[in-house]
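Please look at the sequence and the structure before reading on.

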Amino acid sequence: MNRRARGTRTVLVALAAATLLAACTRDARPAAPGAAPAPAPSAAAPLPATAPTPQGLLLTADFGADTVTFVDPQRGAVASVAVGRAPYALAVGADGRAWVATAEGVAVVDTRTRVRVARIPYRTATGPVTDGEYRGGGMGIALSPDGARAYVGVNVPGTTGVLEVLDTASREVTAVVPVGRRPFDVDVSRDGTEVYVTGHDSFDVTVVAAGPLSTRRIEVAPYGTEGGLGSWLKPHYTAVRPNDGKLLLPFEGERLAVVDPRTGRAEVEPMTADTHQHGVALTADGRLLVVGTGPVRPGDGKGPSLTVRSPDGTERVVALEGAHEDVAVSRDGRTAYVTGGYTRDGHWNGITVVDLDTGTTRRLPAGTRPLGIAVL
């Protein structure tokens, strides 16, 4: 691809000078002219307030509202719960409770009764409560395998972020750990001994030992760090490969950084989608799903897509209509759910459902600008 093959100095310096902010987003606002239209209203009937939540629904974090939304994967949105300003990501435990990273704190939602049972304020001062991706507050969030701790990456505008550790029983913040800038994603090793915080604006993953909470920084920059805060070519989301614990970070539909968190060494494998990439997920059989958001500049790369990458490196790229952000996979591994919220302009209020066997797609209405997603 010409934009990376010939270097990015001119564009990146211009971006940095113009914004002095991390590229990839703009503040929350209505969809840009020409953005993909929202799907038609769903025929799904709202759930009665007293009815228990059916199994198999989806849950989205509605970045453009103060809610999470329950979505029937066949018919669309059926209920919403207020959680706090600009919810970004969520994690759902085996007990059915969802932990939602908002600008105001971590909200706790009982997904069976659809009630917010708590909102835990951050210990770290993050400035005014606002909207938009550059807002202070929670971004990536994950639970320990035993559900005893929640880990939330907290963005502190203008400086490095922190990882706040929450005791899920007492619902209190028990520790604060410095990490990289704008922690887009938080992941946990399969055995729970390490936490991985992806620092978008610092080109890194911070490895946090879950016991002593000691840290190690691993730079992940297959295109280099030229352009600094103005660079588009930075890490976004990370998947932890279960068979060997290595970290998988896609870049631009061209390069997959495979990072060994023990040594800090990275190998780079080729990718084929030729598109700016954000959310990731792994299926039980080891396929990597990667959301392509479209070109960062008109005519410079291909459109939105979902890459389905097999363990042997072969890829199938499924075209999507309109921008998307994150992805979750059904328990049987046959269906992907891709959120249309997106952290740049051009988002839409729905989910694309992708049949991973056939590559066919259909669109569902969901909450307002859905970003994070989980299968209940």
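Q: In what order do the four strands of the open sheet run?
A: This is a predicted model, where local features need pLDDT of at least 70, side-chain atom pairs count only at pLDDT 80 or more, and totals for chains, interfaces and linings use all residues. Residues are numbered from 1 along each chain as its sequence is written, and side-chain values use heavy atoms, with hydrogens and water left out. Strands are DSSP runs (E, at least two residues), numbered from the N terminus. With antiparallel pairing, the order is β24-β25-β26-β27.

Q: Which strands stand at the edges of this sheet?
A: Two strands pair if DSSP finds at least two bridges between them. An edge strand here has a single partner, so one side of it is left without a neighbour in the sheet. The edge strands are β24 (327-329) and β27 (361-365).

Q: Is Lys234 buried or exposed?
A: Lys234 belongs to the loop between β15 (215-219) and β16 (239-240). Buried means under 20% relative accessible area, exposed over 50%, and partly exposed in between (1.4 Å probe, protein chains only). At a relative accessible area of 1%, Lys234 is buried.

Q: What average pLDDT does the protein chain have?
A: pLDDT is the predictor's confidence in each residue, from 0 to 100. In this chain, 89% of the residues score at least 70. The average is 90.
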